[in-house]
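Hi everyone, thanks for coming.

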Amino acid sequence: MNRTWWKEAVIYQIYPRSFMDGNGDGIGDLKGITSRLDYLKYLGIDVIWMSPVYKSPNDDNGYDISDYQEIMEDFGTMEDFDELLSAAHERGIRVVMDLVVNHTSDEHKWFAESRKSKDNAYRDYYIWREGKGADAPPNNWGSCFGGSAWEYDGETGMYYLHLFSKKQPDLNWDNPNVRREVFDMMTWWCEKGIDGFRMDVISMISKTKEMPDGEVNGRYGCFDPYCIHGPNVHAYLQEMNREVLSKYDIMTVGETAGVTTESAKQYAGENAKELNMVFQFEHVSDEGKYGKWTDERMPLTVLKKIMSRWQTELYGKAWNSLFWDNHDQPRAVSRFGDDRPQYRELSAKMLATCLHMMQGTPYIYQGEELGMTNYPFISPDEFRDIESVHAYEEWCGSGLVSHEEFWPCIAARSRDNARTPMQWEDAQEGGFTTGKPWIAVNPNYRQINAKAETKDPSSVFHYYKKLIALRKENPVIVYGKYELLLPDSEELFVYTRTGEGKKLLVVCSFADRQVPFTIPDEFAGASCLIANRGERNCGKQEIVLEPYEAFVLMVD
Ligand code: GLC
Ligand code: CA
């Protein structure tokens, strides 16, 4: 297995809109990020990945880009960006950009041209089709954000494809000019000195030529088989690798909806010459009666099976990325842990232990290192996210389900849970802004904030800091082989890591009650690397784990 810096790194995801407001307009910005680099340095992370900062009308908070080589006005200027990049580099922190090239904004100049006429030079940059007649789109596909995936454009009387909002038309990657423009743009950023790309929905860039109706699920048909892992996706990524990626010392991670351990080896195999790693979503894709909108939990046995399959099947063949949450998911401690006050810190530390001791590159989503929780939403007008707003309308507005029934489900899963402002201190608006924030600050900022936690050596923050440091000191954490123990336990997640002349035992209790556990013989006399409830030295083999207890033992 090759050793590389990105395998050994810990990555911190920033959602710029909600990280730190530098000028009091209520919106996070680049100057705000720069002002907090010392905090990130102190935490010990190696890389920041920023959600998109490019020019955008913000239909989907920057994931709808109208100019790839300009900075969003809300976030500042290109000078601010350059300053951030060099300030990060001075501190030894690398910067990974979000690359959103499955689609652009409908306000991008390519699309403005494309829609003008059927023979415009940019027509073929997007995916246009004739309808099936008056008011009838080319097929039944629904978009990810509700409604049809096709939008009629009166200018030329045709429909364009948008797998996300109608303000996010899909690019036509089969057009070599599109690929050339994207590669040139990427080169421009690489020449600027950025350190990598996180590639938005990159598994969707290639579509089948034939576009038949999809299997109906609710009101619309499903586009998946025709648009995910499409016929040319690997050819295009190999071309991207040849033309751009291979020329720089950068890292890449693909957001690959629908990826399996098999296809991950194609996207991110050690010798695949495509990407360095992918995000898989199996552990966050559980669904209920209303699709992704559910307040049910994935059983621990299922979660362990998924995580373990990724750990073992990619071993030595491809590289894992490890995450519990991001800007599209609810908060980790609320979803997988226990955010009741008596258990919040313990379970946040337990989850961190469980993830950071696995093989792969860990990603920390802003505020996760503080144990930030879901927001106590009480009404749909608190939502800012296009997905939540549309989903509420689609399910409740149409009478498919009652508000009472649906509310706990959408409140538990809304992406806005992750997007409330970073909680810096017990001050006005959690110290995020001196103005009025674009989305409400979680009222628990009084108890949960960076200032209090950096001062308290027993905080969730300091626990993350320690986990990050341990990964640097112990190569077994990065490169060791994973083995799951107790697969059938619904309470305990226990595994070992072996390699580099060491063996680790990782014990995590997902239960809010005591659970007996026997420490395996081979860990007699082991040292305790980290623990969330005080050290376990293995004088005793038969122990009773306290609620949400976690610890790691190491032997030579
Ligand atoms: C990705 C992003 C998400 C965005 C979508 C469309 O899934 O993570 O935030 O809405 O792509 O760009
Ligand atoms: Ca601002």
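Let's start at ligand 1: an oxygen atom of this ligand has a polar side-chain atom of Arg-415 3.0 Å away. That's a polar contact, meaning a pair of N or O atoms within 3.5 Å; within protein, one must be able to donate a hydrogen and the other to accept it, and residues adjacent in sequence count only if both atoms are side-chain atoms. On its own, ligand 1 exposes 310 Å², and the protein buries 95% of that. Those areas come from the Shrake-Rupley method with a 1.4 Å probe, and for residues only the protein chains shown count as cover.

Quick housekeeping: this is a predicted model, where local features need pLDDT of at least 70, side-chain atom pairs count only at pLDDT 80 or more, and totals for chains, interfaces and linings use all residues. Residues are numbered from 1 along each chain as its sequence is written, chains are lettered from A and ligands numbered from 1 in the order in which they are written, and side-chain values use heavy atoms, leaving out hydrogens and water.

Back to ligand 1. Asp-200 puts a polar side-chain atom 2.8 Å from a ligand oxygen, and Glu-255 also has one at 2.8 Å from an oxygen of the ligand.

Now, which residue forms a salt bridge with Arg-415? It's Asp-60, with the closest N and O atoms 3.2 Å apart. A salt bridge here is a side-chain nitrogen of Lys or Arg within 4 Å of a carboxyl oxygen of Asp or Glu. Both Asp-60 and Arg-415 are buried, and buried means under 20% relative accessible area, with exposed over 50% and partly exposed in between (1.4 Å probe, protein chains only). The structure holds 43 salt bridges.

Another of these joins Arg-344 to Glu-345, at 3.9 Å between the closest N and O atoms. Arg-344 is buried, at 9% relative accessible area, while Glu-345 counts as partly exposed because its value is 34%. Salt bridges with shared partners also link Asp-60, Lys-292, Asp-328, Asp-385, Glu-387, Arg-415 and Arg-419 into one network.

Last stop: what coordinates the calcium ion, ligand 2? Asp-21 (OD), Asn-23 (OD1), Asp-25 (OD), Ile-27 (O) and Asp-29 (OD) do, at 2.2 to 2.3 Å. Donors are N, O and S atoms within 2.8 Å of the metal (3.2 Å for Na, K and Ca), and water is not among the atoms, so sites may look incomplete. Of the coordinating residues, Asp-21 and Asp-29 are buried.
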